[in-house]
Amino acid sequence: MKRINVIIKVTDGCNLRCKYCYNSESCYTSEILPLERFEKLLTLLSDSFDSIALVWHGGEPMTCGLEYFKKVVEIEDRIYAQTSVPIQNTIQTNGTLIDKKWCAFFKKYRFNVGVSFDGINNDRYRQRSEDTLKAMELMQKEKVPFGCLTVVGDNDYDMFANYRYFAEKGIHVAFTPLFAEGGGVDLEPLSAEVFIKKSNELFDYWLYDKNGVNVRTFSGYISMLLGSHSKLCTNGSCLGKWLGIEANGNLYNCGRDSMKEFCFGNIDAMDDISEAFTSDGFRELLIGSIERRKKCKASCEFFDFCEGGCTDCAILENGIDAISGFSCICFREIFRHIREAVQVLIENKVPLSELNPVINAIAVKCLSEKDDE
Ligand SMILES: C[S@@+](CC[C@H](N)C(=O)[O-])C[C@H]1O[C@@H](n2cnc3c(N)ncnc32)[C@H](O)[C@@H]1O
Ligand code: SF4
Ligand code: SF4
């Protein structure tokens, strides 16, 4: 099954100005991806791939309006009718514009929704907490499934208190450490040691939290340890499996700013999507990443799980062809801690009923993947 994941930076325009936003360098320009260009993208992708997963991103994708997205799903339906290639949609949003109409739309077209919200730190890093909170309450009332993406912005961020905040609301959460390319100038850099300590302490609590919610890295790492093939994009080679597109049609490896050095060409000039994967930008990215992975493979016990980590993080931290800094140290120490904890569970035959119910769901998912093999 050849699947492609595409981050669509549908606009750089945004109705917020979050302190740390890496998008601030793009100046929040309000150009919107023309629908004809979107249709061409889907046409070329459906010629080469068996399944397409789109992530609507930006800027703030919802500033394009509901009418825009209604046309998007019309185009998707048309392409599906012609090709039978399934298209799945995820939207990453600040949530401030969500109302009942959007909820009905997300439900009808089965959009996966990710809301960016920094929990008890939201007022400090982001803005308009009340609007996002109201939107999340509405989605819960309207039964629109969603999870939150929260940025661990500095050493003062209290991961435990924030986890409790989300768990009490029954909201699944992903904790992302601030990337080095953050636009925020007055945040003290997050130290790897602090992030690892907070994350590992939280994991020890989370594992036995009988009313627990999903924490994305924890469940992702446990899935990997149980033999799942599905990996987080940061821990598996993303090259050739992901693409990013900007409103102007330029293609990249993903939506992060450092990828702009490695353009794969413009969709308007292409007759086949393979042109992106034979472009100079792709080749350069591949050569640098292979170099890095060789060094990782020769020296790291976790290579089979991490595969050299996120290429964007590598570029920002030590350079594309060198083993990463912050992100490598965090992965190794958090993954090692989780692996040891899982080994203890297995050796002591700890019943699943004593654990966070999320673990049961992960185990079932991994077993069903094995049955499908
Ligand atoms: C750039 S926003 C675009 C989509 C939408 N506007 C939103 O806020 O969800 C995507 C995600 O990147 C996160 N983000 C922005 N700058 C970041 C940084 N410097 N480090 C880590 N995450 C960052 C945001 O918090 C958000 O969750
Ligand atoms: S993180 Fe999202 S909501 Fe915040 S300024 Fe950046 S694009 Fe806008
Ligand atoms: S943990 Fe670090 S050294 Fe190991 S594969 Fe990942 S990036 Fe490379």
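Sorted by class, the shell around ligand 2 comes out as five nonpolar, two polar and two charged residues. The nonpolar set takes in Ala, Val, Leu, Ile, Met, Phe, Trp, Tyr, Cys and Pro, the charged set Asp, Glu, Lys and Arg, and everything else, Gly among them, goes down as polar. The residues surrounding ligand 2 are Cys14, Leu16, Arg17, Cys18, Cys21, Tyr28, Gly59, Asn94 and Arg126, where being near the ligand takes a heavy atom within 4 Å of it.

A word on the ground rules. The model is predicted, with local features needing pLDDT of at least 70 and side-chain atom pairs counting only at pLDDT 80 or more, while totals for chains, interfaces and linings use all residues. Residues are numbered from 1 along each chain as its sequence is written, chains are lettered from A and ligands numbered from 1 in the order in which they are written, and side-chain values use heavy atoms, with hydrogens and water left out.

Gly59 sits in the loop between strand S2 (51–58) and helix H2 (66–83); helices (H or I, at least four residues) and strands (E, at least two) are DSSP runs numbered from the N terminus. Lys143 is not a glycine, yet its phi is positive, near 60°. Its place is the loop between helix H5 (129–141) and strand S5 (146–152). With a relative accessibility of 65%, Lys143 counts as exposed, on a scale where buried is under 20% relative accessible area, exposed is over 50% and partly exposed is in between (1.4 Å probe, protein chains only). Glu307 also has a positive phi, about 55°, and belongs to the loop between helix H10 (303–306) and helix H11 (311–317). Here the relative accessible area is 24%, so Glu307 is partly exposed.

A polar atom of the Ser46 side chain lies 3.0 Å from the backbone oxygen of Thr43. Leaving aside residues up to four places away in sequence, Ser46 touches Ile52, Ile79, Thr83 and Val85, with contact meaning heavy atoms within 4.5 Å.

Then there are the charges. The structure holds 15 salt bridges, each pairing a side-chain nitrogen of Lys or Arg with a carboxyl oxygen of Asp or Glu within 4 Å. One of them joins the side chains of Arg164 and Glu168, at 3.6 Å from N to O. Both residues belong to helix H6 (residues 159–169), four residues apart, or about one turn of the helix. Glu168 is exposed, at 62% relative accessible area.

Another salt bridge links Glu301 to Arg336, with the closest N and O atoms 3.2 Å apart. Glu301 lies in the loop between helix H9 (280–299) and H10, and Arg336 in helix H12 (residues 326–347), so this pair ties together parts that are 35 residues apart in sequence. Arg336 is partly exposed, at 25% relative accessibility. Arg336 also forms a salt bridge with Glu333, the closest N and O atoms being 3.3 Å apart. Glu333 and Arg336 are both in helix H12, three residues apart, about one turn, and Glu333 is partly exposed at 26%. Put together with Arg339, the residues Glu301, Glu333 and Arg336 are linked in a network of salt bridges.

Terms used
Polar contact = N/O pair within 3.5 Å; in protein donor to acceptor, adjacent residues only side chain to side chain.
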